[in-house]
Amino acid sequence: MLTQTLAFIGGGNMARSLIGGLIAQGLPATQITVSDPMESQRAHLQRDYGVHVTANNETACAAQIIVLAVKPQELRQVAEQLRRHIASHRPLIISVAAGIRASDLHHWLGLPVVRTMPNRPALNSCGVTGMYASPEVPTAQRELAERIMNAVGTSVWVEQETLIDAVTAVSGSGPAYFFLLMELLEAAGVAQGLPEATARKLAIETAYGAGMMAHHGSDAPATLRAQVTSKGGTTAAALAIFEAQGLKNTVFAAVQAAADRSAELAVLLGGNKG
Ligand SMILES: NC(=O)c1ccc[n+]([C@@H]2O[C@H](COP(=O)([O-])OP(=O)(O)OC[C@H]3O[C@@H](n4cnc5c(N)ncnc54)[C@H](OP(=O)(O)O)[C@@H]3O)[C@@H](O)[C@H]2O)c1
């Protein structure tokens, strides 16, 4: 387990999930400090996990690892405030904020960072996180960052920061795509005459089962799909409609739109072009 002290700046949903995951993996709560302006938030964190809490970000940032877990629009002000308090001990900085580039953070903090893009299922400990480290971040710190993010699921590294926009478009926004498919499958089931509750249960449990098969097996989704599709059968009839009506183009266009929006937001939130 980690031997370093760890601070969370912002004690909301994402911090809470990471704290829960790290403590479940054996990290002593006494190694963790959370800074949050809201009194009730601090009281809950202390009661639920036994972590140190403070309303003062500057106190918290004495830690050896700092996780920036405030909303993206608050991050610049927080980072600029921390700058002079981290200059001498140079902690590992991990940002979980969507849309804020590592280069902007480096500029605001005066230190290189590991930028991460977790997704919503991290709050249920089954997230997937895209990770990018500024080139100046040493390998040992990258490994440390990965261990921390893996407390709420699994992770992948990208070697160019622009690929975080693709990660955002695939896994960051991805849960909504699967929810939409469940929603449509439920509605289509109702249109076939199933009671709503039955159609919903069938849609959700089928998504769960398919996810479990893909997650636990070693076969690619295309192989799994082929395995469950008999020639001339019901699944083949449905898949032919998906193909004929352009599902592939729709998915590619949707992912492109999300990636484009992610890049636009990075410019808006970071204030720098490129
Ligand atoms: N939740 C997700 O599914 C998800 C997924 C991917 C990435 N993320 C990223 O994770 C970050 C946190 O998201 P979240 O869902 O955990 O948000 P959240 O629940 O709103 O948590 C943010 C916390 O930061 C506190 N805060 C605000 N200003 C602060 C300051 N100056 N110093 C210290 N703390 C401050 C907020 O307090 P107040 O409530 O008093 O403002 C709040 O408790 C975001 O940047 C988001 O992009 C979240």
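Colleague: Why is serine 125 called partly exposed?

Modeller: Its relative accessible area is 45%. Buried means under 20%, exposed over 50%, and partly exposed lies in between (1.4 Å probe, protein chains only). Serine 125 has 45%, so it counts as partly exposed. This is a predicted model, in which local features need pLDDT of at least 70 and side-chain atom pairs count only at pLDDT 80 or more, while totals for chains, interfaces and linings use all residues. Residues are numbered from 1 along each chain as its sequence is written, and side-chain values use heavy atoms, without hydrogens and water.

Colleague: Where does serine 125 lie?

Modeller: Serine 125 is in the loop between β6 (114-117) and β7 (127-133). Helices (H or I, at least four residues) and strands (E, at least two) are DSSP runs, numbered from the N terminus. Serine 125 has a positive phi of about 60°, although it is not a glycine.

Colleague: What makes a set of residues a nonpolar core?

Modeller: The members are buried Ala, Val, Leu, Ile, Met, Phe, Trp, Tyr and Cys residues, joined through side-chain atoms within 4.5 Å. The largest such core has 31 residues, and Leu6, Phe8 and Ile94 touch the most other members. α1 gives the most to this core, five residues. Apart from it lies another core, of 27 residues, including Ala7 and Val158.
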